[in-house]
Amino acid sequence: MRREDVEFLSEGTTVRGWLYRPAGTAGDVPAIVLAGGWCYVRELVMPYYAEAFAAAGIAALVFDYRNFGVSDGEPRQHLDPTAQIRDYKNALSFLERTDGIDADRLAAWGISYSGGHVLVLAATDPRVKAIVSQIPVVDGYRNMRRIHGTMGWRRLWAAILEDRQLRFDDPSKRLYLPHASTEPENELSAWPFPETKTTFAALQTTEAPLYQNLSTMESVDLLLDYDVNYFVDRIYDTPSLMIVAEGDDLTLWDLEIESFNAIPSAKKELVVLPHTSHMTLYSDRDKLAAAAEHATTWFVRHLLPNTITD
């Protein structure tokens, strides 16, 4: 395979990524768009999946959302889920116009926050011919309400309201908070899990130096309005695989399975990875490999059906 640096405009902002092309293929090939979760940059885990897809004969586009990593956009470290989904859609438009890519065989993969995004894509973009939604965020309000607990929830709302006032008085002023903290009882963060902080700190050191443990407070404010359940009952015909970690208490596997069950399509499949947590799908290469194998098999089945033999 070979990896190319690419860029495209998303609503006027330059978004940059890597396009992985499979080796030894003749003619146009299918392609998958991949983007990350909360504060992710393109180096975080996603190249592992892109390489697996390319090895199976499917191109893969990994990109940084606007406001993150090597992409342009202000404010930095700001997550607007609606804008991120538009970045996905513009990535699909880019692939439609890319030589060597079959515009009729495009797909989307997402993990954590973007695992929810691809469910929205399956419901709203007919160009998407298959999705893999991995450990997705499906209901921001219920997710945040549960993981922060009563006292943490009070602190979170106080910070959100302070940020709203600051931005009202001066749009250039805003609050930021950590992605995660090793002392969530003493330090407010978006995702109050020590293992999240330590896992991403290790990945920042080894493979993703552009990652920052930081987001705007408004990002959390927007997360509270995020709910893919408004969309999932529109997924009638798009093949949809959901990969869930057994007992996941970060993005809450019970909520994930609830959303999966609401998909009316018969072309769906649920995989529950045993003895796995949300964060071990980043830190444990064996568990990551298992997830990648499930995703690759799904995409090959639906994008390269002629390669499947009994």
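Analyst: The model is predicted. One may begin with the largest pocket, to whose lining α2 (81–96) and α3 (113–124) each supply at least two residues. The largest share, four residues, comes from α2.

User: What lies nearest the centre of the largest pocket, and how much space does the pocket hold?

Analyst: Of the 13 lining residues, Pro81, Thr82, Ile85, Tyr226 and Phe231 lie nearest the centre. The space amounts to about 240 Å³. By class, the lining has seven nonpolar, two polar and four charged residues.

User: Why is the contact between arginine 146 and aspartate 254 called a salt bridge?

Analyst: The criterion is a side-chain nitrogen of Lys or Arg within 4 Å of a carboxyl oxygen of Asp or Glu. The closest N and O atoms of arginine 146 and aspartate 254 are 3.0 Å apart, so the pair qualifies.

User: What makes arginine 146 and aspartate 254 partly exposed?

Analyst: The term covers relative accessible areas between the cut-offs of 20% and 50%. Arginine 146 has 44% and aspartate 254 has 36%, so both residues are placed in that class.

User: How do you know whether glutamate 218 and arginine 167 are buried or exposed?

Analyst: Buried requires a value under 20%. Glutamate 218 has a relative accessible area of 17% and arginine 167 has 19%, so both count as buried. Their side chains meet in a salt bridge, at 3.5 Å from N to O. Glutamate 218 belongs to helix α6 (residues 217–223) and arginine 167 to helix α4, so this pair ties together parts 51 residues apart in sequence. Salt bridges with shared partners join Asp163, Arg164, Arg167, Arg174, Glu218 and Asp221 into one network.

User: How do you know that the span of helix α10 agrees with expectation?

Analyst: Helix α10 (residues 285–303) has 19 residues, and at 1.5 Å a residue it should span 27 Å; its end C-alpha atoms are 26 Å apart, which agrees. Among the buried residues of α10 are Leu288, Ala291, Ala295, Trp298 and Phe299.

User: What caps the N-terminal end of α10?

Analyst: Aspartate 284 does, with a side-chain oxygen 2.9 Å from the backbone nitrogen of aspartate 286.

Key
Residues numbered from 1 in each chain as written. Predicted model: local features only at pLDDT ≥ 70, side-chain atom pairs only at ≥ 80, totals over all residues. Heavy atoms only, no water. Expected span 1.5 Å × (residues − 1). Buried < 20%, exposed > 50% of the residue type's maximum accessible area, 1.4 Å probe, protein only. Polar contact = N/O pair within 3.5 Å; in protein donor to acceptor, adjacent residues only side chain to side chain. 1 Å grid on protein atoms, 1.4 Å probe; cavity = no way out; pocket = protein on both sides within 12 Å on 5 of 7 lines; lining within 4 Å. Points joined across faces, edges and corners; volume = space filled by probe spheres on them. Nonpolar A, V, L, I, M, F, W, Y, C, P; charged D, E, K, R; others polar.
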